[in-house]
Amino acid sequence: MKLHNRTIIVFFALVVLDLAVWGTIFAARPGVPAIYFLDVGQGDSELVVFPGNVKMITDAGPDQKIIKSLEGAIPGERYIDLAVVSHVQKDHFGGFNDVLKRYRIGAFIVNGRTDAEAEAEWSALMGEIERQNIPLIVLGAGDAVRFGEARVDILSPDKNWVQSGESNDTGLVEKITLPLLTALFTADAGFEIEKYLLASGIDLRADILKVGHHGSKYSSSEEFLAAVRPAVAAIEVGKNTYGHPAPETLARLARFAGNVFRTDRDGNIKIEIYGRKLKVLTERSE
């Protein structure tokens with residue numbers, strides 16, 4: 001199918017019994033930019049491999065499960081240029097405590113909030129970042145990071161939303177721009193943040209969407225999805241008692257997104273980027 005003048009090629013990988021074969025498919029290919037939605041259970045973790053093999057990981061799920069997925073994506077590598085903690089909830093940052101035992105990180109980006117729901121784990125992470133002398137950078141709406149021709153724009157939170165009493169409102173929303181392609185990572189953004197983004201006048205169109213808040217019924221409004229119109233949408237979700245992803249959210253995604261993938265069913269999701277073409281591979285299928 002074609003959308004936003006991009007061609008989407010979707011490969012539904014069969015369950016791969018030979019893990020070595022799947023590892024070869026899933027691993028980053030030299031010179032091929034890729035976006036990974038890593039299966040970390042009920043949590044978020046996205047890995048972007050930019051041109052030039054610059055690597056950025058956003059969130060790391062709740063625990064050590066991130067390691068298996070990360071090692072499958074970048075086998076043999078032990079350096080990640082940039083790590084982003086979208087907001088201080090354990091299902092987004094908890095796994096970084098394990099990542100730092102195995103990988104060197106060039107710098108961490110955070111939203112500046114310190115009142116974590118999982119205070120002990122957050123304190124441990126901040127302590128390890130300090131011990132390893134890793135730069136800790138606070139970013140918010142209007143800030144950007146550049147990697148050659150690629151850039152990451154922070155769309156939210158602004159100075160008001162970062163003070164919200166609802167932690168999900170404080171998540172860093174990232175728009176990633178590569179030559180000929182864009183992706184939108186929305187952390188746990190709900191309807192209120194979506195309204196804020198729509199009112200801001202920012203161009204929200206994106207080829208790839210990280211669905212907000214694990215597919216919660218309070219995220220991914222019709223108005224927001226109509227503005228984004230993703231060719232590929234990924235829901236990062238595991239076993240949970242919250243009803244994620246909600247049936248009504250899945251129905252909205254079916255109307256506005258070209259292809260929808262879920263880590264609870266598809267496992268790790270890899271999107272290879274070839275100019276205007278995307279190739280999607282999944283670890284398993286149901």
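**Exercise 1. Work out which residues of helix α8 are buried and which are exposed.**

Step 1: Helices are DSSP runs of H or I with at least four residues, strands are runs of E with at least two, and both are numbered from the N terminus. Helix α8 covers residues 247-256, and its buried residues are Thr249, Arg252, Leu253 and Phe256. Here buried means under 20% relative accessible area, exposed means over 50%, and partly exposed is in between (1.4 Å probe, protein chains only).

Step 2: look down the axis of α8. The buried residues fall within an arc of 100 degrees, so they line one face of the helix; the arc is that of the directions from the helix axis to the C-beta atoms. On the other side of α8, Pro247 and Ala254 are exposed.

Step 3: find the cover. The buried residues of α8 are covered by elements including α6 (191-200), α7 (222-228), β14 (232-235) and β15 (259-262).

A word on the model: it is predicted, so local features need pLDDT of at least 70 and side-chain atom pairs count only at pLDDT 80 or more, while totals for chains, interfaces and linings use all residues. Residues are numbered from 1 along each chain as its sequence is written, and side-chain values use heavy atoms, with hydrogens and water left out.

**Exercise 2. Give the strand order of the open seven-stranded sheet and say which strands sit at its edges.**

Step 1: read off the order. The sheet runs β9-β10-β11-β12-β13-β14-β15, with mixed pairing. Two strands pair if DSSP finds at least two bridges between them.

Step 2: check the ends. β9 (144-147) and β15 are the edge strands, as each pairs on one side only.

Step 3: zoom in on one pairing. β14 and β15 are parallel, with four bridges, and Ile235 faces Arg262 in β15.

Step 4: Contact means heavy atoms within 4.5 Å.

**Exercise 3. Which way do the side chains of strand β4 point, and what does β4 pair with?**

Step 1: sort the side chains. From β4 (residues 46-49), Glu46 and Val48 point one way, Leu47 and Val49 point the other way, and all are buried.

Step 2: list the partners. β3 and β4 run antiparallel and are joined by four bridges, with Ala34 opposite Val49. β4 also pairs with β5 (residues 55-58), again in the antiparallel sense over four bridges, and Val48 stands opposite Met56.

Step 3: inspect the turn. β4 and β5 make a hairpin with five residues between them, and Gly52 in that turn has a positive phi of about 90 degrees.

**Exercise 4. Classify the aromatic pair of Phe37 and Phe185.**

Step 1: count. The whole structure holds five aromatic pairs. Rings of Phe, Tyr and Trp (its six-membered ring) pair if their centres lie within 6.5 Å; planes under 30 degrees apart count as stacked, over 60 as edge-to-face and the rest as tilted.

Step 2: apply the geometry. Phe37 and Phe185 come out edge-to-face, at 6.0 Å centre to centre with 70 degrees between the planes.

Step 3: Phe37 lies in β3 (residues 34-37) and Phe185 in β12 (residues 181-185), 148 residues apart. Phe37 counts as buried at 0% relative accessibility, and Phe185 counts as buried at 1%.
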